[in-house]
Amino acid sequence: MEDANKLKEFEARIERGEKIEPKDWMPERYRTQLIRMISQHAHSEIVGMLPEGNWITRAPSLRRKMSLLAKVQDEAGHGLYLYCAAETLGVDRSELVGEFLSGKAKYSNIFNYPTLTWADIGAIGWLVDGAAIVNQTMLAKCSYGPYSRANLRICKEETFHKVQGYEIVCTMAQGRPAQRKMIQDAVNRWWWPSLMMFGPHDKNSPNSAELMKWKVKLFSNDDLRQRFVNLTVRQARAAGVTLPDPDLKYNPETDNWEFGEINWDEFWSVVRGNGPCNRDRMRARRRAHVEGAWVREAADAYAAKQRAKAAKSA
Ligand code: BYC
């Protein structure tokens with residue numbers, strides 16, 4: 001009875017648009033759903049450093065190298081904000097990282113594709129960060145305070161990332177024939193996986209109804225995907241590249257750009273670990289974890305020293 005009353009008050013607060021904060025009462029299911037989603041988001045940011053990190057040493061100019069270096073570093077920061085947000089729900093970061101390294105926790109499908117040429121850096125910034133902004137702008141308004149605030153910061157930085165990518169796309173699309181071919185090839189390869197980032201169709205999305213009821217998600221997977229397509233078609237035209245979908249057509253009645261069917265077999269195969277780079281990504285993260293053990297030990301030792309100092313002076 002007590003819990004039923006608490007649930008009613010919790011849902012009324014969400015209905016009024018109030019934020020739920022870490023020490024507030026929340027249903028266990030709200031907590032576990034948030035831990036699942038925030039930790040998967042955090043793992044995605046960290047794995048997301050790998051495909052682009054691959055091109056830092058081969059950027060075509062110092063300016064491009066500096067921008068890419070800063071972008072990849074920002075992704076590490078996003079992972080940090082998100083692990084901190086997840087920890088406010090009573091889990092330990094090492095537990096979450098352990099679930100990721102064991103292969104139990106998911107991360108975004110998109111980071112399991114290879115970056116074959118420099119043009120991929122443009123396509124990722126434009127399409128992948130562009131898709132992430134559409135998704136995370138919504139999450140910045142979600143009902144859980146720490147996740148909402150983390151996404152607010154992330155979106156501000158992602159906006160720079162998108163401009164960085166779009167500028168590369170526009171530059172290459174106005175370049176020599178070989179450069180134009182290279183950027184079009186990258187757009188062709190990244191378009192469909194970017195649409196998959198929004199998750200399965202609403203009818204196949206088991207978590208959406210609950211997450212929308214509690215305003216963790218404010219829009220459904222399909223609604224956000226449509227929003228992204230509508231924005232991106234216009235940008236593609238302005239940049240001078242084409243999107244690889246013969247079924248793309250404008251519907252004046254709905255004011256939407258309709259698009260072809262996504263290859264869901266490919267999506268689930270990648271999510272289950274069989275994409276072109278899943279094994280490489282996991283191998284790289286596991287190696288980094290082992291090689292970084294001394295950093296974590298040093299940080300723990302420093303924190304223990306600070307605590308002892310504080311206790312002594314109290
Ligand atoms: N990839 O019921 P559904 C970035 C899973 S990083 C893999 O619709 P939900 C960036 C889903 O987890 C941006 N798996 O789920 C970084 C679920 O399985 P479980 C990453 C996916 O949670 C570096 C099952 O499918 N963004 O921007 O309602 C460089 C059924 O799905 C995917 C985030 O993580 C996927 N794409 O909705 C550049 C945003 N989609 O967990 C850029 C936060 C679905 O039940 N997350 N699955 O076993 C979300 O917004 C939501 O979790 C999703 C999925 C829309 C992704």
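User: How do the axes of helix H6 and helix H8 cross, and within what distance do they come?

Analyst: This is a predicted model, so read everything here as computed from it. In it, the axes of H6 (residues 119-139) and H8 (residues 177-196) come within 8 Å and cross at roughly 30°.

User: OK, parallel or oblique, then?

Analyst: Angles under 35 degrees count as roughly parallel, so H6 and H8 are roughly parallel to each other.

User: And is that crossing left-handed or right-handed?

Analyst: The crossing of H6 and H8 is right-handed.

User: Which residues meet there?

Analyst: From H6 you have Ala 119, Asp 120, Ala 123, Ile 124, Trp 126, Leu 127, Val 128 and Ala 131. Across from them in H8 sit Met 182, Ile 183, Ala 186, Val 187, Arg 189, Trp 190, Trp 191 and Ser 194. By class, the H6 contact with H8 has 13 nonpolar, 1 polar and 2 charged residues.

User: Staying with H6, what about Ile 133, buried or exposed?

Analyst: Ile 133 is in helix H6. Its relative accessible area is 17%, so Ile 133 is buried, the cut-off being under 20%.

User: Which residues does Ile 133 contact?

Analyst: Setting aside neighbours within four places in sequence, Ile 133 is in contact with Cys 155, Glu 158, Thr 159 and Lys 162.

User: How far is Ile 133 from Val 163?

Analyst: They are 12 Å apart in space, C-alpha to C-alpha, and 30 residues apart in sequence.

User: Back to H8. Where does Gln 184 lie, and what does Gln 184 touch?

Analyst: Gln 184 lies in helix H8. Not counting residues up to four places away in sequence, Gln 184 touches Val 241 and Thr 242. Gln 184 counts as buried, at 18% relative accessibility.

User: And how do H8 and H10 pack?

Analyst: H8 and H10 pack at an angle of about 150°, with their axes 9 Å apart. That makes H8 roughly antiparallel to H10, because angles over 145 degrees count that way.

User: Which residues make that contact?

Analyst: On the H8 side, Trp 191, Ser 194, Leu 195 and Met 196. On the H10 side, Arg 225, Phe 228, Val 229 and Thr 232. Sorted by class, the contact of H8 with H10 has 5 nonpolar, 2 polar and 1 charged residues.

User: New topic. How many disulfides are there?

Analyst: The count comes to 0 disulfides. Cys 84 is in no disulfide, and the nearest cysteine sulfur, that of Cys 142, is 16 Å away. A disulfide needs the two sulfur atoms within 2.5 Å.

User: Buried or exposed, those cysteines? I'm curious about Cys 84 and Cys 277.

Analyst: Cys 84 is partly exposed, with a relative accessible area of 35%. Cys 277 is buried, at 7%.

User: And helix H12, at what angle do H12 and H13 pack?

Analyst: About 45°, with the axes of H12 (residues 278-291) and H13 (residues 293-313) 4 Å apart. H12 and H13 are therefore oblique to each other. H12 contributes His 289, Val 290 and Glu 291 to the contact, and H13 contributes Ala 293, Trp 294 and Arg 296. By class, the H12 contact with H13 has 3 nonpolar, 1 polar and 2 charged residues.

User: Arg 283 now: where does it lie, and how far is it from Leu 101?

Analyst: Arg 283 lies in helix H12. Arg 283 and Leu 101 are 182 residues apart in sequence but 9.1 Å apart in space, C-alpha to C-alpha. Arg 283 counts as exposed, at 54% relative accessibility.

User: Where do Lys 215 and Asp 255 lie?

Analyst: Lys 215 lies in the loop between helix H9 (208-213) and helix H10 (221-239). Asp 255 is in the loop between strand E1 (249-251) and strand E2 (256-258). Lys 215 is partly exposed at 25%, and Asp 255 counts as partly exposed at 45% relative accessibility.

Terms used
Residues numbered from 1 in each chain as written. Predicted model: local features only at pLDDT ≥ 70, side-chain atom pairs only at ≥ 80, totals over all residues. Heavy atoms only, no water. Buried < 20%, exposed > 50% of the residue type's maximum accessible area, 1.4 Å probe, protein only. Axes fitted to C-alpha atoms, helices over the stretch in contact; angles between N-to-C directions. Helix = DSSP H or I, 4+ residues; strand = E, 2+ residues; numbered from the N terminus. Parallel < 35°, antiparallel > 145°, perpendicular 65-115°, else oblique. Contact = heavy atoms within 4.5 Å. Nonpolar A, V, L, I, M, F, W, Y, C, P; charged D, E, K, R; others polar. Left-handed = near helix turned anticlockwise from the far one by under 90°.
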